[in-house]
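Please examine the sequence and the three-dimensional model shown below. The paragraphs that follow lead through the model one region at a time.

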Amino acid sequence: MTPIRRSPKRGGIDLGGTKIQAIVVDAQNTVIGQARCPTPHDGGPEAVADAMAAALREAGSSAGVEPSSLRGVGVGSPGEVDAATGAVSNAKNLPAWTESFPLGTKLSGALGTRVAVGNDVGVATHAEYELGAGRGHDSVLGVFWGTGVGGGLILGGKQWHGRGSAGEIGHMVVKRDGARCPCGNHGCMEAYAGRSAMESEARRRVEDGEHTDLFKLMAKHGKPRLTSGIWERALDHGDKLAEQLIARAVKALGAGIASAVNLLDPEIVILGGGLGVRFGERLSPEIRRHMEKNLFDHEHPPEFEVAALGDFGGALGAALLVA
Ligand SMILES: [Zn+2]
């Protein structure tokens, strides 16, 4: 039997709470095909896996390759990922996904090639380190500001996972006994800066009689939640409540990032995620200023950059899992 010839092309899938981004890259990590679809909210993990396979097939057809001829497909997934088996459990922001689900095995069967699964924030940090703003650096702190606030670490040129839960920068305590965090603890950075916590706070303040156009904009644009685009529109309109909540988030990010930098002393901090990419140019000078204010070593702040790979960062990092 002749062995199957595998093309050097690879696939990458970034699984998010709202969308699935699939790409096909060539040997130089250039994106040669891509497809995007909403994350299904009915049907649980099976439906999500089906949508992921369909998105990858579409990306493959736009690149002119069959998924089965790819060298492999990498997946960046939220939740607890067993890298050895490709199983995922406790995928927050994805409905009905608490139990362990064999995501890697399912996709491998559907696509006819090997599939490797990694943590979404970890792979996105790795992508910035290999291909983006972190190139040439030995130590990187990735901060992904979105629905929650995730963190990824490269130390001495290697990803640091701890015992599996390292990098949870969103749960650095920035205020003792402070606001309740979606994780159940109090005073976490994410309790002030996560998009989900910011939306809850905006609703509370509206109930207390404060005025904002945030929810009118949300309805007008047919969004189910306060997306990064809605926050941006509100800022552009000079919405006072939006300005206050964003300023509060920026201070929390500055304090939390500074604490992580004081502990780890990385060469560069890279700000990514939905809100991070959307507001990078606009807010990173302020986030940086609040970070620097809280540094122990004021003479040697780390570099501070916005993620260079933008929306494709997660999918590119996923594709690197099978490089
Ligand atoms: Zn927390």
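In this predicted model, a zinc ion is held by four protein donors: His 171 through ND1, and Cys 181, Cys 183 and Cys 188 through SG. These donors lie 2.0 to 2.3 Å from the zinc ion. Along the sequence, the donor residues follow the spacing H-x9-C-x1-C-x4-C. His 171 and Cys 188 both belong to the loop between strand E10 (158-159) and helix H4 (189-193), so this pair ties together parts that are 17 residues apart in sequence.

What arrangement do the 4 donor atoms around the zinc ion adopt? The angles that they subtend run from 104 to 116 degrees, and the arrangement is therefore tetrahedral. For comparison, the ideal angle for four tetrahedral donors is 109.5 degrees. The donor residues may also be described by their accessibility. Cys 181 is buried, at 4% relative accessibility, and Cys 188 is buried as well, with a relative accessible area of 1%.

The discussion now turns to the strands. An open sheet is formed by 5 strands in the order E10-E9-E8-E11-E12, and its pairing is mixed. E10 and strand E12 (303-306) stand at the edges; each has a single partner strand, so one side of each is left without a neighbour in the sheet. In general, strands of a sheet pair through backbone hydrogen bonds, either parallel or antiparallel.

E8 runs antiparallel to strand E9 (residues 149-155), to which 6 bridges join it. A hairpin connects E8 to E9 through 3 residues, and Val 143 has Gly 151 in E9 as its bridge partner. With strand E11 (residues 268-272), E8 pairs in the parallel sense over 5 bridges. In that pairing, Phe 144 has Gly 272 in E11 as its bridge partner. E11 in turn runs parallel to E12, joined by 4 bridges, and Ile 268 stands opposite Glu 303 in E12.

Is strand E8 enclosed or exposed? Of its 6 residues, 6 are buried, so E8 is largely enclosed by the rest of the structure. In a regular strand the side chains alternate between the two faces of the sheet. Both faces of E8 are covered: Val 140, Gly 142 and Phe 144 are buried on one side, and Leu 141, Val 143 and Trp 145 are buried on the other.

Val 121 is found in helix H3 (residues 120-131) and counts as buried, at 15% relative accessibility. Beyond its sequence neighbours up to four places away, Val 121 touches Phe 144, Gly 150, Gly 151 and Gly 152. Val 121 and Gly 151 are 30 residues apart in sequence, yet their C-alpha atoms are 6.4 Å apart in space. Ser 284 lies in helix H9 (residues 274-293) and is likewise buried, at 13% relative accessibility. With neighbours within four places in sequence left aside, Ser 284 is in contact with Leu 271, Phe 279, Phe 304 and Val 306.

Which residues are in contact with Trp 231, its neighbours within four places in sequence left aside? They are Arg 195, Met 198, Glu 199, Leu 214, Leu 226, Ala 242, Leu 245, Ile 246, Leu 275 and Phe 279.

Strand E2 (residues 19-25) and strand E3 (residues 31-38) are antiparallel and pair over 7 bridges. Within this pairing, Gln 21 has Arg 36 in E3 as its bridge partner. E2 and E3 form a hairpin with 5 residues between them, and Asn 29 in the turn has a positive phi of about 65 degrees.

Key
Residues are numbered from 1 along each chain as its sequence is written. This is a predicted model: local features need pLDDT of at least 70, side-chain atom pairs count only at pLDDT 80 or more; totals for chains, interfaces and linings use all residues. Side-chain values use heavy atoms; hydrogens and water are left out. Contact means heavy atoms within 4.5 Å. Buried means under 20% relative accessible area, exposed over 50%, partly exposed in between (1.4 Å probe, protein chains only). Donors are N, O and S atoms within 2.8 Å of the metal (3.2 Å for Na, K and Ca); water is not among the atoms, so sites may look incomplete. Four donors count as tetrahedral if all angles lie between 85 and 135 degrees; four count as square planar and six as octahedral if opposite donors are over 155 degrees apart and all others between 65 and 115; anything else is irregular. Helices (H or I, at least four residues) and strands (E, at least two) are DSSP runs, numbered from the N terminus. Two strands pair if DSSP finds at least two bridges between them.
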